[in-house]
Amino acid sequence: MAKLLGGAVSLGMLVFVRFAVQAAILVPLVWYSDAGFRFPKGTLHWVLIRTVLHILGIGLMFSALQYLPLADALAIAFVMPFIMLLLGHFVMEEEVGQHRMAACAVGFIGTLLVIQPNFVAIGYPALLPLGVAVIFALFMMVTRRLARQIDAVKLQAISGVQACIILLPLFVLQADAANTVAQGTLVMLFLLGVIGTVAHLFMTWSLRFAPASTLAPM
């Protein structure tokens with residue numbers, strides 16, 4: 001959907017709506033639950049760091065899709081498991097077996113084979129998915145840190161609110177373009193937000209129960 005919408009919607013609007021839908025869905029669920037919006041002490045700054053990483057990761061990926069074929073962009077971004085294994089092993093002291101590391105190393109070599117012709121064809125935009133991989137690896141490390149302390153729905157709800165506040169100036173600057181968006185495009189924007197919200201909820205829940213290095217290849 002992001003690939004299809006990239007030609008019809010500005011990047012700022014695309015990313016803003018993605019998080020606005022997330023906030024609109026999840027904030028009422030948290031508001032009417034018993035949990036409320038109380039967060040464990042010392043976690044709010046990590047939540048904000050996670051939100052910024054989330055915005056950067058999605059923004060870079062949506063940008064990459066404007067220059068690269070979908071398959072190529074994903075193939076390059078799939079260097080993320082290799083980065084996550086290294087971070088999980090050296091930063092979070094998670095157990096990483098030699099077979100898993102070797103498999104990701106082979107995948108990294110494959111990624112380089114995809115980057116080379118794209119770099120020759122379009123230049124530096126071919127490296128955007130590498131930035132996505134690094135940022136999302138860090139994003140998942142922070143998520144792993146928070147997932148055991150904060151409920152996934154609450155974490156995603158506050159992240160959606162923070163992202164909307166951060167992105168609001170960019171959205172306002174591009175508000176005139178919103179008047180020309182077709183109805184079918186608005187439906188796709190809403191669906192993009194819903195699917196992204198559900199996918200990241202599943203990812204956050206999974207990181208609550210398993211190490212990032214185990215989940216990375218999946």
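User: In which helix does Gly-193 lie?

Analyst: The model discussed here is predicted. The helix that holds Gly-193 covers residues 183-209. Gly-193 therefore belongs to helix α10.

User: Is Gly-193 buried or exposed?

Analyst: A residue is called buried when its relative accessible area is under 20%. The relative accessibility of Gly-193 is 0%, so Gly-193 counts as buried.

User: Which residues does Gly-193 touch, not counting residues up to four places away in sequence?

Analyst: Contact means that heavy atoms lie within 4.5 Å. With residues up to four places away in sequence not counted, Gly-193 touches Arg-18 and Val-21.

User: How many Å apart in space are Gly-193 and Val-153, C-alpha to C-alpha?

Analyst: Along the sequence, Gly-193 and Val-153 are 40 residues apart. In space, their C-alpha atoms are apart by 15 Å.

User: Where is Phe-16 placed, and is Phe-16 buried or exposed?

Analyst: Phe-16 is placed in helix α2, which covers residues 11-31. Its relative accessibility is 12%, and the cut-off for a buried residue is under 20%. Phe-16 in helix α2 therefore counts as buried.

User: Which residues does Phe-16 touch, not counting residues up to four places away in sequence?

Analyst: Residues up to four places away in sequence are left out of this list. The remaining contacts of Phe-16 are Cys-164, Leu-167, Leu-168 and Phe-171.

User: What distance separates the C-alpha atoms of Phe-16 and Ile-58?

Analyst: Phe-16 and Ile-58 are 42 residues apart along the chain. The separation of their C-alpha atoms is 10 Å.

User: Which side chain makes a polar contact with the side chain of Gln-156?

Analyst: Gln-156 is found in helix α8 and is buried, with a relative accessible area of 0%. Leaving aside neighbours within four places in sequence, Gln-156 is in contact with several residues, including Gln-22, Arg-50, His-54 and His-200. The polar contact, at 2.5 Å, is made with the side chain of Arg-50.

User: What is the length of the polar contact that joins the side chains of Ser-159 and Thr-51?

Analyst: Ser-159 has its place in helix α8, residues 152-173, and is buried with a relative accessible area of 0%. Not counting residues up to four places away in sequence, Ser-159 touches Phe-19, Gln-22, Arg-50, Thr-51 and His-54. The polar contact between the side chains of Ser-159 and Thr-51 has a length of 3.2 Å.

User: Why is helix α5 largely enclosed by the rest of the structure?

Analyst: Helix α5 comprises residues 80-90. Among its buried residues are Met-80, Pro-81, Phe-82 and Gly-88. Helix α5 is largely enclosed because the number of its 11 residues that are buried is eight.

User: What radius of gyration does the protein have?

Analyst: The C-alpha trace spans about 50 × 45 × 25 Å along its principal axes. A compact globule of 218 residues would have a radius of gyration near 17 Å. The value for the protein agrees with this, at 18 Å.

Notes
Residues numbered from 1 in each chain as written. Predicted model: local features only at pLDDT ≥ 70, side-chain atom pairs only at ≥ 80, totals over all residues. Heavy atoms only, no water. Buried < 20%, exposed > 50% of the residue type's maximum accessible area, 1.4 Å probe, protein only. Helix = DSSP H or I, 4+ residues; strand = E, 2+ residues; numbered from the N terminus. Polar contact = N/O pair within 3.5 Å; in protein donor to acceptor, adjacent residues only side chain to side chain. Rg over C-alpha atoms; globule rule 2.2 N^0.38 Å.
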